[in-house]
Amino acid sequence: MARRRKGSPIHGWLNIDKPADMSSATAVAIVKRVTNAQKAGHAGTLDPFATGVLPLALGEATKTTPYMMDGTKEYTFTARWGESRNTDDIEGEVVETSVHRPDRDAITAILSQFIGTIRQTPPAYSAIKIDGKRAYKLARDGQDVVIPEREVSILSLTLENIVDPDHAIFRVSCGKGTYIRALARDIAVSLGTVAHLTQLRRTRVGPFSDKDAISLDKLEKLWQCPAEFEDLLPLTTALDDIPAVAISETQANRVRHGNDVVIPNQADGVVCAMEGNIPVAICRIEDNNLFPVRVFNI
């Protein structure tokens, strides 16, 4: 007999505004406790010192997190010139200093070098795995961490404000896998100095904006009447860029059991099969046949 899951069968997305000094995993645990959801997970980790948009999937929406993580992300960040830290952010130890402070003209002159597909070396203190171990754990143990360069996509990068000679605020739009700490580090090197982040805020992930994000405190107050709660977004929110294909009740029953069905006159590719307004599965169409990839148990 199947083991019954603890919690409530809640399916959908929450746009959480993560506060500073909290890990993404802690935010997930708080949401799971408040909502009593059977399953919960996040799409894209935010560093503990960072704030902003943390998309949280509940229930069967967790099966769509890869599609949310592939979405474009936007950040604002503050670079502190003249100090390099081992974590590339305010939480680390100072490892190098410089007396050079770049001015506005120097900064704006080099930003175009960082737009497009660029090569980036992730920070040593990151969650990337090296020989099966997290890089940050190796770094904390005093081991030399060598992470290979990789390509990332920077869609836009602008200087928003120079607060004082030591601090400059930037805005960036980027693709999956971009480390903003590494971006600030590399900008500083191009300017003949060193830097680390003192502030990082994620303002957008795919369709989620910080203008519509909800704080954990507000969530806890509003969730007391879950039937009236309006901030739970549908499971399909993460699938906005995937075409929807309507299937019949009979076809839906076959797909839910892992069987393919015939779908004439449809282009090959990934789709979301829908029975009316109910998402049935993420599917793949090949030669007019629809094959289930991830079935939703709704």
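Student: Where is T203 found, and what makes that element a strand?

Tutor: T203 is found in strand β12 of this predicted model. A strand is a DSSP run of E with at least two residues, a helix is a run of H or I with at least four, and both are numbered from the N terminus. The model is predicted, so local features need pLDDT of at least 70 and side-chain atom pairs count only at pLDDT 80 or more, while totals for chains, interfaces and linings use all residues. Residues are numbered from 1 along each chain as its sequence is written, and side-chain values use heavy atoms, with hydrogens and water left out.

Student: Why does T203 count as buried?

Tutor: Buried means under 20% relative accessible area, exposed means over 50%, and partly exposed lies in between (1.4 Å probe, protein chains only). T203 has 8% relative accessibility, so T203 counts as buried.

Student: Which residues are in contact with T203, leaving aside its neighbours within four places in sequence?

Tutor: They are V53, E74, Y75, T76, R171, F208, S209 and D210. Contact means heavy atoms within 4.5 Å.

Student: Where is the place of L157, and why does L157 count as buried?

Tutor: L157 belongs to strand β10. Its relative accessibility is 5%, which is under the 20% limit, so L157 counts as buried. Sequence neighbours within four places aside, the contacts of L157 include F77, F170, V172, L183 and I187. R254, by contrast, is 48 Å from L157, C-alpha to C-alpha, and 97 residues from it in sequence.

Student: What makes a group of residues a nonpolar core, and how many residues has the largest?

Tutor: A nonpolar core is a set of buried Ala, Val, Leu, Ile, Met, Phe, Trp, Tyr and Cys residues joined through side-chain atoms within 4.5 Å. The largest has 29 residues, and those with the most contacts inside it are F77, W81, L157, F170, V172 and I187. Two or more residues come from each of β4 (73–81), α3 (104–110), β10 (150–164), β11 (167–174), α5 (180–190) and β12 (195–205). Helix α5 gives the most, with five residues. Apart from this core lies another, of 18 residues, among them L54, L56, I214 and L219. In soluble globular proteins, nonpolar side chains tend to be buried together.

Student: Why are F77 and F170 called a stacked aromatic pair?

Tutor: Rings of Phe, Tyr and Trp (its six-membered ring) pair if their centres lie within 6.5 Å; planes under 30 degrees apart count as stacked, over 60 as edge-to-face and the rest as tilted. F77, W81 and F170 form one aromatic cluster.

Student: What makes the pair of W223 and F229 edge-to-face?

Tutor: Their centres are 4.9 Å apart, and the angle of 65° between the planes is over 60 degrees, so the pair is edge-to-face. W223 is buried at 10% relative accessible area, and F229 counts as buried at 12%. The structure holds four aromatic pairs.

Student: Why is strand β1 described as largely enclosed?

Tutor: Six of the seven residues of β1 (residues 12–18) are buried, so the rest of the structure largely encloses this strand.

Student: How do you know that β1 and β3 pair?

Tutor: Two strands pair if DSSP finds at least two bridges between them. Seven bridges join β1 to β3 (residues 51–58), so the two strands pair, and they run antiparallel. I16 stands opposite L54 in β3.

Student: Why is one side of β14 and of β15 left without a neighbour in the sheet?

Tutor: The open sheet of five strands has the order β14-β16-β17-β18-β15, with mixed pairing. β14 (244–246) and β15 (261–262) stand at the edges with a single partner strand each, so one side of each has no neighbour in the sheet. Three bridges join β14 to β16 (residues 269–275), and these strands run parallel. V245 has A273 in β16 as its bridge partner.
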